[in-house]
Amino acid sequence: MSQVLPTDCGVDEHVDWAAAEAKWGSGFPPDFMAFMSVYGAGSLTRDIEILQPLSPDFEEETETARYTWEMEGGREALNVDPSHILAWGATGGGDILGWLTTHADPEAWPVLVWERGSAEFRIHACGMTEFLRKLLLDEFPTYPINIDLRSADWRFVHWSVARDRRRAGLDTHTGLPQ
């Protein structure tokens with residue numbers, strides 16, 4: 001991932017993985033754990049939020065994903081128990097990014113996207129970091145999210161770096177004076 005996305009504004013999130021596993025009832029994909037140790041939780045291109053598994057935002061977005069599943073047709077739309085939907089991110093366009101956790105091995109969890117514009121869940125047979133890499137390099141046959149970021153400045157900014165920049169009166173994404 002670091003070959004496509006600079007790590008200079010990432011911060012090791014120091015996630016208590018045992019507590020996260022106890023809270024959510026399973027482990028997490030190794031690529032997500034590695035992402036958290038290099039980049040942490042924060043914003044990708046200002047428009048994609050990557051969430052920390054013990055944060056209220058992670059819980060809220062997961063609840064939103066499960067509620068959306070119910071509102072969009074439940075099993076008719078996606079034949080899965082909603083407890084197998086776990087959200088790891090969201091976009092500024094209202095999309096929900098997560099996993100379909102039906103497999104016992106978290107490394108086998110595909111990415112699940114609810115794209116607001118299509119009002120349906122789509123499964124991508126790859127992990128979270130591969131999904132982000134393909135998004136950054138525009139390698140999907142059909143663009144997988146509602147907000148078009150193909151010309152975006154691909155940069156990740158950890159939430160604490162954004163907070164410090166905001167307090168200093170700087171642009172949270174670039175670090176330049178506003």
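Helix 3 (residues 56–71) is the biggest giver to the negative patch, with three residues; helices here are DSSP runs of H or I, at least four residues, and strands are runs of E, at least two, numbered from the N terminus. This is a predicted model, so local features need pLDDT of at least 70 and side-chain atom pairs count only at pLDDT 80 or more, while totals for chains, interfaces and linings use all residues. Residues are numbered from 1 along each chain as its sequence is written, and side-chain values use heavy atoms, with hydrogens and water left out.

The patch itself is made up of Glu49, Asp57, Glu60 and Glu63, and Glu60 sits in helix 3. Patch residues have over 30% relative accessible area and no salt bridge, with like charges joined within 9 Å. Areas come from the Shrake-Rupley method with a 1.4 Å probe, Asp and Glu count as negative, and a charge is placed at CG of Asp or CD of Glu.

On to salt bridges (a side-chain nitrogen of Lys or Arg within 4 Å of a carboxyl oxygen of Asp or Glu): the count comes to seven. One of them joins the side chains of Arg46 and Asp171, at 2.9 Å from N to O. Arg46 lies in the loop between strand 1 (42–44) and strand 2 (48–50) and Asp171 in the segment after helix 5, so this pair ties together parts 125 residues apart in sequence. Asp171 is buried, at 16% relative accessible area, whereas Arg46 is partly exposed at 43%; buried means under 20%, exposed over 50%, and partly exposed in between (1.4 Å probe, protein chains only).

Arg133 is partly exposed at 23%, as is Glu130 at 31%. Together with Glu139, the two are linked in a network of salt bridges.

Phe131 also belongs to helix 4 (residues 128–136), but Phe131 is buried, with a relative accessible area of 0%. Leaving aside residues up to four places away in sequence, Phe131 touches several others, among them Trp88, Leu97, Val111 and Phe140, where contact means heavy atoms within 4.5 Å.

In helix 5 (residues 159–167), the buried residues are Ser160, Ala162 and Arg165, and their cover includes strand 7 (156–158). Gly169 follows helix 5 with a positive phi, near 80°.

Terms used. Patch = residues over 30% accessible without salt bridge, like charges linked within 9 Å, V, L, I, M, F, W, Y side chains within 5 Å.
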